[in-house]
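Please look over the protein model shown here.

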Amino acid sequence: MRKDNMKKPAPIFVLLAGILWGMMGIYVRRLNAAGFTTIEIVAVRSVVTALLLFLVLFFYNRKMLKICIRDIWCFAGTGILSIVFFNYCYFKAITMTSLSVAAVLLYTAPAIVMILSAVFFHEKITAVKLIALVATFIGCVLVTGLVGSTESLNAAGILVGLGAGLGYALYSIFSRFALERGYHSLTISFYTFVFASIGVLPLADVQKIYGACVEDIGMLGFYLVFALVSTVIPYILYTLGLTALENSKASIIASVEPVAATVLGIVLFHEKMTVNIVTGIVLVLGAIVICTDKS
C-alpha cells in the first residue's frame, strides 16, 4: 500500500494496535495463573510470534525474508534494545516500585519518541503535539490509579522505569530507520521477534514452557492465540501506521493501551471505576482525536 493511500487508515491502524496491546492482560493473567514468570511470558510471546510470522512470510512472499547484513542493527534495535530491554526494565520497575508507578513511567515513551524523532528524523515539535502529549501523560497517570495512592518512590525504581519508557520508545525509532530502508512491516515485525527471542530465551526456563504444552495440548493453542492477538496483529498494524504517520503522533495514539486495559479490567474483572479513571480516559481519547485530526 502506497504512503499516500495510508494517510487515512494509519491512525486507525495505530489505535487498533494500542487496543490489542491493552488486551494483553487477559492472556498474561492466564499464564501467571499457570505458574509462568514474566520473562517466560515474554519468551513465549517472542518465539511463537517469530514462528507465526515466518510461516506468513514463507507462504505469502519469501522475498520479504531477505534483509541486508548492513541493516541488522535496525532489527537488533527493535528486538533487543526495544522488546527485551523494555520488558526487563518494566518488570524490574514493578518489583522496585509498584504496578501503577511502573505504568506511568512507561508512558513517558511518547515524550521520548517526540524528542528522538525531532533529532533523527527532523519531526517538528508543535504546540498541538505538546498539548496532546501532556493530556496523554496526565490521562495515563489518572487511569493507572497513581493519583491518591500511597505508593513509595525510590530513585533506582524511577530510573529503571524510565528505562522501560526508553525501550518502549525505541521500537518507533528503529522501525522508522527500517521503513526508510524499504522494509515491509511484516519483515520488520518478523526480525524484531527473531532478535527478541535470541535475547530472551537464555533468561527463560524453556523446558518449563515446552512441558506445559506436553501436559496440556490446549496450552499450545493458547500460546498461538496469545501471540497472534497481542503481538503479531498489533505490531504489524503499528508498523503499517508508521509508514504514513509521524512517530510522535503514533506513540501518542498508541497510548490508548492503558485505557483499553482499564476498560477490560472493569468489564471482565469487575475492577472499580472512579472519577479519576473516567477523567484519564477522556484526556487520552481527547489527545488521540487531536493527533488524528491533525494527521
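Predicted model: local features only at pLDDT ≥ 70, side-chain atom pairs only at ≥ 80, totals over all residues.

Residues are numbered from 1 along each chain as its sequence is written, and side-chain values use heavy atoms, with hydrogens and water left out.

**The largest pocket**

Rolling a probe the size of a water molecule over the atoms shows where empty space is left. The largest pocket holds about 1,200 Å³ of space. Its lining counts 46 residues, and the closest to the pocket centre are Gly25, Tyr90, Leu99, Glu257 and Ala261. A pocket here is an open set of points on a 1 Å grid over the protein atoms alone, where a 1.4 Å probe fits, with protein on both sides within 12 Å along at least five of seven lines; lining residues have an atom within 4 Å of a point. Points are joined across faces, edges and corners, and the volume is the space filled by probe spheres set on them.

Several helices each supply at least two lining residues, among them α2 (9–22), α5 (72–96) and α9 (155–180). Helix α14 gives the most, with eight residues. Helices are DSSP runs (H or I, at least four residues), numbered from the N terminus. By class, the lining has 30 nonpolar, 11 polar and five charged residues. Ala, Val, Leu, Ile, Met, Phe, Trp, Tyr, Cys and Pro count as nonpolar, Asp, Glu, Lys and Arg as charged, and the others, Gly among them, as polar.

**Salt bridges**

A search of the whole structure finds three salt bridges. The term means a side-chain nitrogen of Lys or Arg within 4 Å of a carboxyl oxygen of Asp or Glu.

| Pair | N to O distance |
|---|---|
| Glu40 and Lys208 | 3.1 Å |
| Arg181 and Asp71 | 3.4 Å |
| Lys129 and Glu246 | 2.5 Å |

Glu40 forms its salt bridge with Lys208. That pair links distant parts of the chain: Glu40 is in helix α4 and Lys208 in helix α11, 168 residues apart. Glu40 is buried at 5% relative accessibility, while Lys208 is partly exposed at 30%. Buried means under 20% relative accessible area, exposed over 50%, and partly exposed in between (1.4 Å probe, protein chains only).

Arg181 pairs with Asp71. Arg181 lies in the loop between α9 and α10 and Asp71 in the loop between α4 and α5, so the pair ties together parts that are 110 residues apart in sequence. Arg181 is partly exposed at 39%; Asp71 is buried at 6%.

Lys129 pairs with Glu246. Lys129 sits in helix α8 and Glu246 in the loop between α12 and α13, so this bridge ties together parts that are 117 residues apart in sequence. Lys129 is buried at 4%, and Glu246 is partly exposed at 29%.

**Two single residues**

Thr239 lies in helix α12. Thr239 is buried, with a relative accessible area of 0%. A polar atom of its side chain lies 2.7 Å from the backbone oxygen of Tyr235. Beyond neighbours within four places in sequence, Thr239 is in contact (heavy atoms within 4.5 Å) with Tyr171, Leu179, Ser185, Ile188 and Ser189.

Phe85 is in helix α5. Phe85 is partly exposed at 33%. Phe85 and Leu166 are 81 residues apart in sequence but 8.9 Å apart in space, C-alpha to C-alpha. Not counting residues up to four places away, Phe85 touches Ile80, Gly163 and Gly167.

Key:
Polar contact = N/O pair within 3.5 Å; in protein donor to acceptor, adjacent residues only side chain to side chain.
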